[in-house]
Amino acid sequence: MDDTLIAAMLASTLRVSTPLILCALAGMFSERSGVVDIGLEGKMLFAAFAAGAAGAAYQSTALALGLGVLVAVALSWMHGLACVSHKGDQVVSGVAINIIAAGMTVVLGIAWFSQGGQTPPVGSDVRIQALFPGLPEALYGIPLVGRIVGEGLLSHNAMVYLALALVPACWWVLFRTRFGLRLRAVGENPQMVDAAGVSVSRLRYAALTINGVLCGLAGAYLVLAQSANFSANMTAGRGFMALAALIFGRWHPVGAFWACLLFGFLDAAAIRLQGVQISGFGEVPVQFIQALPYVLTVVLLAGFIGKAVAPQALGRPYSKER
């Protein structure tokens with residue numbers, strides 16, 4: 001494998017993994033607080049639509065990012081209203097968010113833009129550009145590592161580096177701050193937290209707010225950095241893959257990060273395999289290549305994760321009367 005292929009695979013893996021990392025960190029805050037979040041897919045999809053619509057209509061990156069985050073936070077609060085305030089079923093609420101997002105984004109897209117559920121492409125000045133333009137080419141002359149460092153590590157936009165920086169930041173928040181200690185405690189033993197005079201509901205709403213912000217960034221990234229516009233169901237199961245990465249990483253930010261990188265690498269490898277001829281077999285079917293990351297996700301989860309211990313209060317609504 002030459003340095004060109006390694007650099008291309010590394011760059012592609014980081015780009016594909018970014019929304020997974022943001023979404024997995026979002027799910028981690030929610031589930032560490034004891035709230036199951038099946039609705040990651042729907043929140044990311046609705047945020048992508050909001051970012052695409054705002055970017056096309058107002059030609060503003062900041063507004064597109066802001067509206068994407070705002071919509072995802074609103075959906076997180078709706079999830080909290082159903083599951084934390086009214087103690088509804090958390091799985092049903094998450095599934096409802098996914099269904100609402102899949103339907104409403106298409107309906108609103110047709111009603112507002114008349115392009116079959118898509119939004120118009122956002123302009124190049126709205127799209128998030130590479131943070132260090134020109135630097136990768138300047139490093140190509142360095143033997144062996146120049147292209148790998150330049151194209152593989154330094155050719156990305158700010159959101160890729162933000163996602164990477166958020167992994168240690170989230171670890172620090174969860175394991176080195178009082179807020180993180182209380183958040184983890186409310187996911188394990190909410191009665192104990194309540195007895196200490198700390199509001200369980202307030203902590204879970206705080207976790208869901210962070211969850212919404214991260215989901216909004218993940219959705220906005222898909223439109224403003226990865227694709228040129230919003231299209232129906234463009235998340236393509238990434239929310240579920242992020243949830244799988246969260247479980248694969250055992251609800252730890254570093255573990256989830258490596259799992260997201262693994263899934264991103266599989267996705268990047270699947271793209272590279274399209275059109276490849278295998279001796280004695282012929283061209284690999286496109287359907288097999290497209291299904292490869294999802295199949296391997298299931299295989300890895302089923303075969304290699306072992307026993308994953310979830311937060312003890314995960315999925316259990318808290319009632320003060322108990």
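Which helices do the buried residues of H7 pack against? They pack against helix H1 (3-32), helix H3 (61-85), helix H8 (178-188), H10 and helix H12 (253-273). Let us look at H7 and then walk through the rest of the chain.

This is a predicted model, in which local features need pLDDT of at least 70, side-chain atom pairs count only at pLDDT 80 or more, and totals for chains, interfaces and linings use all residues. Residues are numbered from 1 along each chain as its sequence is written, and side-chain values use heavy atoms, with hydrogens and water left out.

**The whole chain**

The chain holds 13 helices and 2 strands. Helices (H or I, at least four residues) and strands (E, at least two) are DSSP runs, numbered from the N terminus. The radius of gyration of the chain is 20 Å, which agrees with the value near 20 Å for a compact globule of 322 residues; it is taken over C-alpha atoms, and the globule rule is 2.2 Å times the number of residues to the power 0.38. Along its principal axes, the C-alpha trace spans about 65 × 45 × 40 Å.

Of the 322 residues, 48% count as buried. Here buried means under 20% relative accessible area, exposed means over 50%, and partly exposed lies in between (1.4 Å probe, protein chains only). Among contacts (heavy atoms within 4.5 Å) with a separation of 6 or more, residues 24 or more positions apart account for 77%.

Helix H7 (residues 158-176) has 19 residues, which should span 27 Å at 1.5 Å a residue, and its end C-alpha atoms are 26 Å apart, which agrees. The expected span of a helix is 1.5 Å times one less than its number of residues. Its buried residues are Met-159, Val-160, Ala-163, Leu-166, Val-167, Cys-170 and Leu-174. An α-helix has 3.6 residues a turn, so residues three or four places apart point the same way.

One of those buried residues, Leu-166, also marks a kink of about 30 degrees in H7, shortly before the proline Pro-168. The bend at a residue is the angle between axes fitted to the seven residues ending there and the seven starting there.

Helix H10 (residues 200-226) is a packing partner of H7. With 27 residues, H10 reaches 38 Å from its first C-alpha to its last, close to the 39 Å expected at 1.5 Å a residue. H10 has a kink of about 30 degrees too, centred on Ala-220. The helix is mostly covered, with 19 of its 27 residues buried.

| Helix start | Side-chain oxygen | Backbone nitrogen | Within |
|---|---|---|---|
| H7 | Asn-157 | Met-159 | 2.9 Å |
| H10 | Ser-199 | Arg-202 | 3.1 Å |

**Thr-105 in helix H4**

Thr-105 sits in helix H4 (residues 90-113) and is buried, with a relative accessible area of 0%. A polar atom of its side chain lies 2.6 Å from the backbone oxygen of Ala-101. Leaving out residues up to four places away in sequence, Thr-105 touches Leu-45, Phe-46, Phe-49, Ile-100, Gly-117 and Phe-230.

The unreviewed UniProt entry places the feature "transmembrane region" at several stretches, including residues 91-113 and 205-224. UniProt positions are given in the numbering used here, feature names are shortened, and annotations may be inferred rather than shown by experiment. Over residues 91-113 the chain is 100% helix and 0% strand, with end C-alpha atoms 33 Å apart. Residues 205-224 are likewise 100% helix and 0% strand, and there the end C-alpha atoms are 28 Å apart.

Leu-153 belongs to helix H6 (residues 146-153) and is partly exposed, at a relative accessible area of 38%. The C-alpha atoms of Leu-153 and Ala-8 are 10.0 Å apart, although 145 residues separate them along the chain. The buried residues of H6 are Gly-146, Gly-150 and Gly-152, and they pack against H1 and helix H5 (135-139).

Gln-59 is in the loop between helix H2 (40-58) and H3, where it has a positive phi of about 55 degrees although it is not a glycine. Arg-250, in the loop between helix H11 (238-248) and H12, also has a positive phi of about 55 degrees without being a glycine. Gln-59 is partly exposed, with a relative accessible area of 40%, and Arg-250 counts as partly exposed at 42%.

Technical notes:
A polar contact is a pair of N or O atoms within 3.5 Å; within protein, one must be able to donate a hydrogen and the other to accept it, and residues adjacent in sequence count only if both atoms are side-chain atoms.
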